[in-house]
Amino acid sequence: MPKFDISGHRMWWFLLSTVVIVAGIICMVVRGFNFGIDFTGGTIIDLKFAQPVTIQEVRTSLAPYGLDGSTIQLSGAASDVTASEDVMIRTVDLEEEQRKAVMASLKTDVGDYTVLREEKVGATIGGELIENAVLALVISWALIILYVAYRFEWKFGVAAVLALVHDILVVLGVFALTQRQVDSSFIAALLTIVGYSINDTIVIFDRIRENLKLHFRRGGDVDVLVNTSIYQTLTRSLYTVFTVLFTTLALYFFGGETTKDFAFALLVGFGSGCYSSIFIASPLWVTFRGWAEKKHAGKAIASK
């Protein structure tokens with residue numbers, strides 16, 4: 001048996017996750033989320049500068065007003081990947097005085113321009129779409145349970161989905177705590193995290209299934225079985241998560257302001273997914289298996 005008993009200490013992992021998730025839920029209730037303009041609406045400013053400008057020049061001019069996270073797009077026939085005369089800025093809803101100050105700063109810092117369009121817009125992600133996204137997530141979890149139950153057994157499926165719920169709650173809690181912006185890219189990050197986490201969990205479950213028949217023919221203990229299976233796949237799991245984290249760190253530091261929140265969500269989610277695959281999903285299966293065996297034993301005694 002491996003020196004460190006991961007499965008045998010499962011109550012400690014459950015306690016740690018419970019503390020983190022409860023703290024995150026408290027942050028969600030008390031602090032709420034910092035919703036981006038996709039959820040709250042905002043202001044669109046379409047400008048045509050006298051000379052080609054870069055996104056970084058515009059972003060630097062907006063920074064003193066806390067608007068450096070705004071969506072800035074180069075457009076028009078003369079646009080290319082580096083500079084353009086036509087610039088569209090999508091930012092939070094601006095008051096009249098703040099809007100005038102921003103426009104004046106752009107003229108001073110970046111250059112003279114002509115206003116092509118300036119209007120307030122509503123949220124692109126409405127309540128109905130959010131409900132549909134949650135519904136789709138719940139349906140996907142149900143399908144995961146059905147598929148894993150077919151390929152393995154229902155206890156594996158429930159454990160896998162609970163590990164996914166764990167990861168999503170951790171990411172939501174961290175974003176509520178840090179007040180990082182929640183927008184459409186955040187939803188994309190959550191779906192990416194779900195796909196990554198379930199893949200890592202299934203690898204461990206598949207090794208447990210392979211070892212299950214042989215192990216119990218020898219009268220082995222279920223904790224030994226799970227620990228052995230985890231350690232047999234541990235190197236692969238760590239190599240995978242480190243490779244993904246290195247790539248995501250590069251995106252976070254070098255991808256620009258508009259990708260930082262997306263990359264941050266991935267960093268938290270991938271880290272949580274690696275943890276939950278090893279310390280939550282398989283120990284949950286052990287717990288469910290123990291409950292089932294106790295229930296079966298109780299029925300057997302009652303029938304005598």
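Residues are numbered from 1 along each chain as its sequence is written, and side-chain values use heavy atoms, with hydrogens and water left out.

The mean pLDDT (the predictor's confidence in each residue, from 0 to 100) of the protein is 85. Of its residues, 90% reach 70 or more. Confidence is highest in helix α1 (residues 10-30), with a mean of 95, and lowest in helix α2 (residues 37-40), with a mean of 76. Where pLDDT is low, the predicted coordinates should not be read in detail.

The secondary structure consists of nine helices and six strands. Helices (H or I, at least four residues) and strands (E, at least two) are DSSP runs, numbered from the N terminus. The radius of gyration of the protein, taken over C-alpha atoms, is 25 Å, well over the 19 Å that the globule rule (2.2 Å times the number of residues to the power 0.38) gives for 304 residues, so the protein is more spread out than a compact globule. Along the principal axes, the C-alpha atoms fill a box of roughly 90 × 35 × 30 Å. The accessible surface, from the Shrake-Rupley method with a 1.4 Å probe and, for residues, with only the protein chains shown counting as cover, comes to about 16200 Å². Carbon and sulfur atoms account for 64% of this surface. Of the 304 residues, 43% count as buried. Buried means under 20% relative accessible area, exposed over 50%, and partly exposed in between (1.4 Å probe, protein chains only). Contacts, defined by heavy atoms within 4.5 Å, were also examined by separation in sequence. Among those between residues at least 6 apart in sequence, 78% join residues at least 24 apart.

Four strands form an open sheet with the order β3-β4-β2-β5 and antiparallel pairing. Strands β3 (71-75) and β5 (113-121) stand at the edges with a single partner strand each, so one side of each is left without a neighbour in the sheet. From one strand to the next, the twist averages 20°. Two strands pair if DSSP finds at least two bridges between them. Strands of a sheet pair through backbone hydrogen bonds, either parallel or antiparallel.

Strand β2 (residues 42-53) is joined to β5 by eight bridges, the two strands running antiparallel. Isoleucine 45 has glutamate 118 in β5 as its bridge partner. Isoleucine 72 has isoleucine 89 in β4 as its bridge partner, and serine 75 stands opposite aspartate 86 in β4. Six of the eight residues of β4 are buried, so this strand is largely enclosed by the rest of the structure. In β3, Ile72 and Leu74 make up a covered face, whereas Thr71, Gln73 and Ser75 make up an uncovered one. In a regular strand the side chains alternate between the two faces of the sheet.

Helix α3 (residues 55-62) lies across β2, β3 and β4 (84-91) and runs at about 145° to β3. Helix α4 (residues 96-109) packs on the sheet and touches β2, β4 and β5, its direction making about 150° with that of β5. Axes are lines fitted to C-alpha atoms, for helices over the stretch in contact, and angles run from 0 to 180 degrees between N-to-C directions.

Arginine 99 is found in helix α4. This arginine 99 is buried, at a relative accessible area of 17%. Apart from neighbours within four places in sequence, arginine 99 is in contact with Leu94 and Glu118.

Glutamate 257 is found in helix α9 (residues 257-303) and is partly exposed, with a relative accessible area of 37%. Glutamate 257 and glycine 69 are 188 residues apart in sequence, with a C-alpha to C-alpha distance of 5.9 Å. Not counting residues up to four places away in sequence, glutamate 257 touches Arg59 and Asp68.

Threonine 248 lies in helix α8 (residues 222-254) and counts as buried at 6% relative accessibility. Leaving aside neighbours within four places in sequence, threonine 248 contacts Ala263, Leu266, Leu267 and Phe270.

Methods:
Predicted model: local features only at pLDDT ≥ 70, side-chain atom pairs only at ≥ 80, totals over all residues.
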